[in-house]
Amino acid sequence: MSALAIVRSDESVTIASDGAGYETGTGRLMTVVSKVSLMPECSCIFANRGMGGATAEIHTRLRHLAACGTQMVEFDDVLDRFPILAEQLHLEVLANPEASTAHFSFLIGGYSERRQRMESYTVRTRPFMAMDNSGALSEQPPFTLIGLPMVHLAPSPQLSSAAQVGITRPQEFGPETELEPESYAMRAVAACRLDRETDGAEGTPGIHFVGGMLQVTTLYRDAAVSRIVHRWPDPLGEPIDPKRGDLLPAWIEENS
C-alpha cells in the first residue's frame, strides 16, 4: 500500500506520496521507490496505491501507444485510454500466480485543454463509493474514471494523526477551510505514517506502511515539478517504525 494525497486548485494539481515498498504480511521495508509518474508533455501526473509498479507499467504502456502512432498529446488523450490500460494490467496480474496482490487504485491529475481547467480522477480495480453530481454517495464500477473533490486522501489519516501534523481532514472541512496545496498534501501523507493498516494477509496485525521518503509532485498548466522533500531513516529489512526520524522536514515546521 501507499499513502497518497491529491490536492487540486485552479492553478495546479499536487500529489504527495511516500516511497515504501514493503513485504506483504510483515511490513518489512524492502525498497524505496517513487510511486508517481510525470507526463508533462500531456499535462498529466499520476500515482498508484496497492500493487507495486503499476504506475511505472501504465506509464510505459502510454508511451508505447504514442510510439506506435496513437495520439497522446493532451491530458484528455491519457484519460481516454487510462481505464482500458488499467483493466488490461489487472487481468494480466490476475493470471500470474506469484503476484502478491492484483488490486490497485490510481490518482490522476492534469490540465484539460478541452474543458480549460485542472482536474483530478481515480481509477480502481474494485467498486468504489463516490459522490454523484447531486452530492449523494453511490457505488461506482471498477475501471471507470471517477472525478475527485478538491482534496482526496488515500487513506484518510486518523483524527489524532491529522491533528499532530496540523491539518483538518476533508470530512471535517468547514465552509471557510483554506489550505496551501503542497503543504497540506505532504502533511497528510506524514500523518498516515503514524497509523497502522492491515495489508490483507490473513491473520496479519496492522502494520505501519508509510516510509522511505516523502515525494511531492505538482503540475501546473505548462510545467511539472517533482522533488523529494524529506527522507525517513527506515532501514531496509526492518518493519517501518514511525518513531524513527522527524515526521516532517524542519523547514515546513519553521514555516507553519
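## Basis of the description

The structure is a predicted model, in which local features need pLDDT of at least 70 and side-chain atom pairs count only at pLDDT 80 or more, whereas totals for chains, interfaces and linings use all residues. Residues are numbered from 1 along each chain as its sequence is written, and side-chain values use heavy atoms, with hydrogens and water left out.

Helix 1, which covers residues 54–67, packs against helix 2, residues 75–94, at an angle of about 125°, and their axes are 10 Å apart. Here helices (H or I, at least four residues) and strands (E, at least two) are DSSP runs numbered from the N terminus, while axes are lines fitted to C-alpha atoms, for helices over the stretch in contact, with angles running from 0 to 180 degrees between N-to-C directions. Helix 1 and helix 2 are therefore described as oblique to each other, since angles under 35 degrees count as roughly parallel, over 145 as roughly antiparallel, 65 to 115 as roughly perpendicular and the rest as oblique. The crossing of the two helices is right-handed, a word used if the near helix is turned clockwise from the far one by less than a right angle, with anticlockwise giving a left-handed crossing.

On the side of helix 1, the contact (heavy atoms within 4.5 Å) is made by Ala-54, Glu-57, Ile-58, Arg-61, Leu-62 and Leu-65, and on the side of helix 2 by Val-78, Arg-81, Phe-82, Leu-85, Ala-86, Gln-88, Leu-89 and Glu-92. These residues divide into nine nonpolar, one polar and four charged, where Ala, Val, Leu, Ile, Met, Phe, Trp, Tyr, Cys and Pro count as nonpolar, Asp, Glu, Lys and Arg as charged, and the others, Gly among them, as polar.

## Ala-54 in helix 1

Ala-54, which lies in helix 1, is buried, with a relative accessible area of 0%; buried means under 20% relative accessible area, exposed over 50%, and partly exposed in between, for a 1.4 Å probe and protein chains only. Leaving aside neighbours within four places in sequence, Ala-54 is in contact with Asn-48, Leu-89, Phe-104 and Phe-106. Ala-54 and Leu-94 are 40 residues apart in sequence, and their C-alpha atoms are 13 Å apart in space.

## Salt bridges

A search of the whole structure finds 17 salt bridges, each being a side-chain nitrogen of Lys or Arg within 4 Å of a carboxyl oxygen of Asp or Glu. One of them joins the side chains of Lys-35 and Asp-18, at 3.4 Å from N to O. Because Lys-35 lies in the loop between strand 4 (29–32) and strand 5 while Asp-18 lies in strand 2 (residues 12–18), the pair ties together parts that are 17 residues apart in sequence. Lys-35 is buried at a relative accessible area of 9%, and Asp-18 is buried at 0%.

Arg-114 meets Asp-76 in a salt bridge of 3.8 Å, N to O. Arg-114 lies in the loop between strand 7 (104–112) and strand 8 (117–124) and Asp-76 in helix 2, so this pair ties together parts 38 residues apart in sequence. The side chain of Arg-114 also meets that of Asp-77, at 3.9 Å from N to O, and this pair links the loop with helix 2 across 37 residues. Asp-76 counts as buried at 2% relative accessibility, and Asp-77 is buried at 3%. Salt bridges that share partners join Asp-76, Asp-77, Asp-80, Arg-114, Arg-115, Arg-117 and Glu-119 into one network.

## Backbone features in the loops

Ser-43, placed in the loop between strand 5 (36–39) and strand 6 (44–50), has a phi near 55°, a positive value in a residue other than glycine. Ser-43 counts as buried at 12% relative accessibility, and, not counting residues up to four places away in sequence, Ser-43 touches Phe-75, Gly-109, Gly-110, Tyr-111, Leu-219 and Arg-221.

Gln-116 likewise has a positive phi, of about 55°, although it is not a glycine; this residue lies in the loop between strand 7 and strand 8 and is partly exposed, with a relative accessible area of 47%. Elsewhere, a cis peptide bond with omega of about 0° joins Ala-154 and Pro-155, and Pro-155 has its place in the loop between strand 12 (151–154) and helix 3 (159–165).
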